[in-house]
Amino acid sequence: MLRKDTKIYIAGHRGMVGSAVWRALENKGYTQLIGKGSGEVDLKSQQQVSDFFKTSSPEVVIDAAARVGGILANNNYPYHFLMENMQIQNNLIDSSLQSGVEKFIFLGSSCIYPKLAPQPLKEEYLLTSSLEETNEWYALAKISGVKACEAIRKQYGKDFISLMPTNLYGSHDNFDLETSHVLPAMIRKFHEAKSRNHEPVTLWGTGKPMREFLHVNDMADAVIFALENEFRDNLYNVGTGEDLTIKELARMIQRIVGHEGEIVWDSTKPDGTPRKLMDVSKMADAGWKASISLEAGVRRTYEWFLENINHFKQVKL
Ligand SMILES: NC(=O)c1ccc[n+]([C@@H]2O[C@H](COP(=O)([O-])OP(=O)(O)OC[C@H]3O[C@@H](n4cnc5c(N)ncnc54)[C@H](OP(=O)(O)O)[C@@H]3O)[C@@H](O)[C@H]2O)c1
């Protein structure tokens with residue numbers, strides 16, 4: 001049972017997801033939050049993580065630390081994506097088990113599901129066929145994290161849970177055009193084109209693929225829901241259960257940003273998977289649903305973008 005003074009360690013508390021979880025826990029009155037940057041505790045080091053657990057004794061752990069990146073980064077640094085993510089999660093999971101942590105929340109991603117799995121993606125499709133090649137290194141690391149938590153549930157009966165978010169967006173997002181995801185990249189492109197006299201904006205692909213997006217504050221809410229409730233199973237998808245075409249998304253962002261120029265679709269560039277939608281019924285049955293509409297979430301994110309335009313995070317590849 002969680003108390004307001006339960007010691008909660010948020011690994012990756014300066015990242016987009018970790019910082020949203022931190023704010024949400026603070027807002028709910030949790031007083032003993034623990035966070036360490038990668039400069040203080042390198043989660044790749046088993047020794048450093050083990051020492052840190054001995055001195056800080058967390059009771060609950062949220063793993064929002066990872067090496068994340070897009071197709072280019074995954075393609076150029078496959079070993080880093082595979083090994084660093086496994087090191088980070090293995091050290092956190094094993095130190096949590098060894099030190100008697102009561103509850104552990106592991107965050108993965110929808111890329112754990114097979115490339116050709118039926119849509120919407122159900123949890124039971126895990127490991128039923130091959131992965132998408134472009135991010136299989138990252139996906140394999142995340143799958144091993146899910147399985148480690150499942151094994152701990154099975155062998156030790158501890159409440160270790162894996163939450164698989166759909167595409168996330170929101171404050172503290174990555175707006176670096178080299179490495180960002182589609183939604184923040186569009187916000188930046190439309191904003192810059194608006195300030196250059198509404199020049200045309202070129203976007204990749206045909207605009208036909210369908211994608212789902214969840215605001216990071218909804219994600220943080222789902223994490224807290226998982227903390228405060230006992231789950232009967234290990235793996236849960238977290239999303240809105242609704243998708244839209246990339247073209248519809250572009251029009252929405254263009255309207256919110258106030259860009260009045262043309263949108264050019266560069267169909268020589270790849271579209272990626274035609275559709276990627278999470279089945280969120282398992283999480284709904286557990287009692288949680290997303291509440292921030294895409295329109296409201298994009299508005300909030302654009303406001304955050306404008307307020308922070310001079311100090312976006314630098315993303316290392
Ligand atoms: N963003 C999305 O769309 C999305 C979608 C689905 C799932 N997720 C999942 O959510 C989780 C968090 O993602 P995010 O978007 O919040 O990533 P993020 O903004 O890049 O944050 C990652 C955090 O991990 C920490 N970290 C990385 N390597 C570390 C190390 N060796 N030692 C200590 N800390 C380390 C970083 O700490 P420092 O800042 O101190 O360096 C950073 O705060 C990931 O597991 C990801 O798979 C994200």
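Two strands pair if DSSP finds at least two bridges between them. Helices (H or I, at least four residues) and strands (E, at least two) are DSSP runs, numbered from the N terminus. The model is predicted: local features need pLDDT of at least 70, side-chain atom pairs count only at pLDDT 80 or more, and totals for chains, interfaces and linings use all residues. Residues are numbered from 1 along each chain as its sequence is written, and side-chain values use heavy atoms, with hydrogens and water left out.

**Stop 1: the three-stranded sheet**

Select β11, β8 and β13. They form an open sheet in the order β11-β8-β13, with mixed pairing. β11 (244–245) and β13 (275–276) are the edge strands; each has a single partner, so one side of each lacks a neighbour in the sheet. Now show β8 (residues 210–211), which pairs with β11 in the antiparallel sense over two bridges. Pick Arg211: its bridge partner in β11 is Leu244.

**Stop 2: the whole fold**

Zoom out. There are ten helices and 13 strands in the protein. The C-alpha trace spans about 60 × 40 × 40 Å along its principal axes. Colour by burial next. Buried means under 20% relative accessible area, exposed over 50%, and partly exposed in between (1.4 Å probe, protein chains only). Buried residues make up 51% of the 317.

**Stop 3**

Select β5 (residues 159–165). Seven of its seven residues are buried. On one side are Asp159, Ile161, Leu163 and Pro165; on the other are Phe160, Ser162 and Met164. Both faces are covered.

Lys103 stands opposite Asp159 in β5.

β5 and β10 pair in the parallel sense over four bridges. Which residue of β10 is the bridge partner of Pro165? Click Val238. β10 also has both faces covered: Leu235 and Asn237 are buried on one side, Tyr236 and Val238 on the other.

**Stop 4: Thr6**

Go to the segment before β1 (8–11), where Thr6 lies. Is Thr6 buried or exposed? At 1% relative accessibility, it counts as buried. A polar atom of its side chain lies 2.7 Å from the backbone nitrogen of Arg3. That is a polar contact: a pair of N or O atoms within 3.5 Å; within protein, one must be able to donate a hydrogen and the other to accept it, and residues adjacent in sequence count only if both atoms are side-chain atoms.

**Stop 5: the ligand**

The shell holds 26 residues; the closest are Arg14, Val17, Ser38, Tyr138 and Lys142. By class, 13 are nonpolar, eight polar and five charged.

- Val17: a backbone N or O atom lies 2.8 Å from a ligand oxygen.
- Asp42: a side-chain N or O atom is 2.9 Å from a ligand nitrogen.
- Lys142: a polar side-chain atom lies 2.7 Å from a ligand oxygen.

On its own the ligand has 900 Å² of accessible area, and the protein covers 86% of that. Finally, highlight α1 (16–27) and α5 (136–156), the elements that give two or more residues to the shell.

Conventions: Near = heavy atom within 4 Å. Areas by Shrake-Rupley, 256 points an atom, 1.4 Å probe, with all protein chains shown as cover. Nonpolar A, V, L, I, M, F, W, Y, C, P; charged D, E, K, R; others polar.
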